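Here are a few friendly notes to read alongside the model. Take them one at a time, with the picture open.

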Amino acid sequence: DFSQQRRFFSRQRRFSEDFSRQRRFFSRQRRFFSRQRRFFSRQRRFFSRQRRFSEDFSQQRRFFSRQRRFSEDFSRQRRFFSRQRRFSEECSRQRRFGKDFSRQRRFYENCSRQRRLGKDFSRQRRFYEDCSRQRRFSEDCSRQRRFSEDCSRQRRFRKGD
């Protein structure tokens, strides 16, 4: 009986030791799993921060690409307006040149009119000079006729003496 009891108690002790070992094992397992859980939660937080950072980065990239497009549009607009300004300046130069050209044309037309008028004036002067010469000639002719008439009267008068 005593030996049986001893065996029984030794089995009980071994069972108890096994049980305590299992308890320690399970407690270690529990601690391990809690550490794992904490590690995974830290990992999750880290990845969510990374995701937010990546989203911020992509937003920044989109913002900078919009800024770059805006800057390119602005430079295109600046080039367009500078071309417009140069075109407008060229138009005003052309207009001024056209005004100068029309002024020159009017000046030359006036000159040619003056020249034609001068030619007409010289023709008229020659015509009037010819007319006055003709008048003087006809006056000379009438004086000579009167003189010859006077002479013939004088001759007739002398013959009558």
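1. The protein chain has 1 helix and 0 strands. Both are DSSP runs, numbered from the N terminus: helices are H or I with at least four residues, strands E with at least two. The radius of gyration, taken over C-alpha atoms, is 68 Å, well over the 15 Å that the globule rule gives for 161 residues, so the chain is more spread out than a compact globule. That rule is 2.2 Å times the number of residues to the power 0.38. Along its principal axes, the C-alpha trace spans about 230 × 10 × 10 Å.

2. Please keep in mind that this is a predicted model: local features need pLDDT of at least 70, side-chain atom pairs count only at pLDDT 80 or more, and totals for chains, interfaces and linings use all residues. Residues are numbered from 1 along each chain as its sequence is written, and side-chain values use heavy atoms, leaving out hydrogens and water.

3. How much of the protein chain counts as buried? Of its 161 residues, 10% do. Buried means under 20% relative accessible area, exposed over 50%, and partly exposed in between (1.4 Å probe, protein chains only). Ser142, in helix α1 (residues 2-160), is buried at 16%.

4. The structure holds 14 salt bridges, each a side-chain nitrogen of Lys or Arg within 4 Å of a carboxyl oxygen of Asp or Glu. One of them joins Asp100 to Arg103, with the closest N and O atoms 2.4 Å apart. These two residues are 3 apart in helix α1, so about one helical turn separates them. Asp100 is partly exposed at 37%, and Arg103 is partly exposed at 47%.
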